[in-house]
Amino acid sequence: MANHEEFLIELKGIRKYYDREVLHVEQLLFKKGHVYGVIGPSGAGKSTLLRIINLLTPPDSGTLLFHDRPIPANGAGRLAIQRKMTLVFQKTLLFKDSVRNNVAYGLKARGFPRSVIDERVGSLLKQVGMTDLAARRADTLSGGEAQRVTIARAVAFEPELLLLDEPTANLDPGNVELIEEMITKLARNKAITVVMVTHNVFQARRIADQVIFINQGRIVEMGPTEKIFSAPDHENTRLFVEGRMVY
């Protein structure tokens, strides 16, 4: 049995319904400082999973635990946990302000001292290759540049959990490489747990420590990345990673 002290977040008996059951997770655990790739067909429940983990969408049943303690249904305790995680969507949402001020926004809102803000923002801008564009208005950036700024802003306050929903969809290879490198460094150097939904199975294979295959709202298989791609336990997993659509 795994030592739960190693895990950041756990889902137990989670179910979510709309016009049908869209997600049914008996148990799912995410270890600190690891990168998880979530793959599966469109409509499989991947984005719903992220929204439930991020406490944006309440499950219809089940329990979420953070550091082995149940997450409160409401109140200050729930908000405190939510402030330790962040979710980045495929579509960038930046303020009509400078790149520097966009990255600094979360730190300012949380009352970080100016010296910390300046150091972190400078370091992140360098890491995402945006130092020379620090003074540019964010709404003038290319799609890839904007997504790099979005991720830098999301991790500036060093959350414990980073959730990514198709963060590199429709980006050119250069921007994809920069973002992937940033994700792996965050997990390795800052012990941030990363859960990334991606339609690109090759991306999951490149950067994930563990891969989760979801189909029709259920976890079909989860395991070390190379095992999922080289010797999966389930036939549907094999068909999906080979590039065949699974319904």
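This is a predicted model: local features need pLDDT of at least 70, side-chain atom pairs count only at pLDDT 80 or more; totals for chains, interfaces and linings use all residues.
Residues are numbered from 1 along each chain as its sequence is written, and side-chain values use heavy atoms, with hydrogens and water left out. Local features need pLDDT of at least 70 and side-chain atom pairs count only at pLDDT 80 or more, while totals for chains, interfaces and linings use all residues.

The chain contains 9 helices and 10 strands. Both are DSSP runs, numbered from the N terminus: helices are H or I with at least four residues, strands are E with at least two. The radius of gyration is 18 Å, close to the 18 Å given by the globule rule for 247 residues, so the chain is as compact as a globular protein of that length. This radius is taken over C-alpha atoms, and the globule rule is 2.2 Å times the number of residues to the power 0.38. The C-alpha trace spans about 50 × 40 × 35 Å along its principal axes.

Of the 247 residues, 49% are buried. Buried means under 20% relative accessible area, exposed means over 50%, and partly exposed lies in between (1.4 Å probe, protein chains only). Among contacts with a separation of 6 or more, 67% join residues 24 or more positions apart. A contact means heavy atoms within 4.5 Å. The chain exposes about 12100 Å², and carbon and sulfur atoms supply 49% of that area. Accessible areas come from the Shrake-Rupley method with a 1.4 Å probe; for residues, only the protein chains shown count as cover.

Helix α3 covers residues 99-109. Its buried residues are Val99, Asn102, Val103, Ala104, Gly106 and Leu107. The cover over these residues includes α4 (114-127) and α5. Asn102 lies in α3 and is buried, at 0% relative accessibility. Residues up to four places away in sequence aside, Asn102 touches Leu94, Phe95, Asp97, Ala138, Val149 and Arg153. After α3 comes Gly111, with a positive phi near 75°.

Helix α5 (residues 143-155) holds Ile151. Ile151 is buried, with a relative accessible area of 0%. Neighbours within four places in sequence aside, Ile151 is in contact with Val88, Pro167, Ile179 and Met182. The C-alpha atoms of Ile151 and Leu87 are 9.3 Å apart, although 64 residues separate the two along the chain.

Charged side chains were examined next. The chain has 33 positive and 28 negative side chains, and the centres of the two sets lie 5 Å apart. Lys and Arg count as positive and Asp and Glu as negative; His and the chain ends are not counted. The place of a charge is taken as NZ of Lys, CZ of Arg, CG of Asp or CD of Glu. Side chains of opposite charge can pair when their charged atoms come close.

The structure holds 14 salt bridges. A salt bridge is a side-chain nitrogen of Lys or Arg within 4 Å of a carboxyl oxygen of Asp or Glu. One of them joins Arg137 to Asp139, with the closest N and O atoms 2.6 Å apart. Arg137 is partly exposed, at 42% relative accessible area. Asp139 is also partly exposed, at 41%.

Arg238 takes part in two of the pairs described here. With Glu235, the N to O distance is 2.3 Å. Arg238 and Glu235 are 3 residues apart in helix α9 (residues 235-241), so about one helical turn separates them. An α-helix has 3.6 residues a turn, so residues three or four places apart point the same way. With Glu242, the N to O distance is 3.0 Å. Arg238 is partly exposed, at 29% relative accessibility. Glu235 is partly exposed at 43%, and Glu242 is partly exposed at 43%. Elsewhere, a network of salt bridges links Arg15, Glu21 and Arg218.

Backbone angles complete the description. Most residues other than glycine have a negative phi. Leu55, which is not a glycine, has a positive phi near 65°. Leu55 sits in the loop between α1 (46-53) and β4 (61-66). Leu55 is buried, with a relative accessible area of 9%. Asp68 likewise has a positive phi, of about 70°, although it is not a glycine. Asp68 is in the loop between β4 and β5 (69-70). Asp68 is partly exposed, at 42% relative accessible area.
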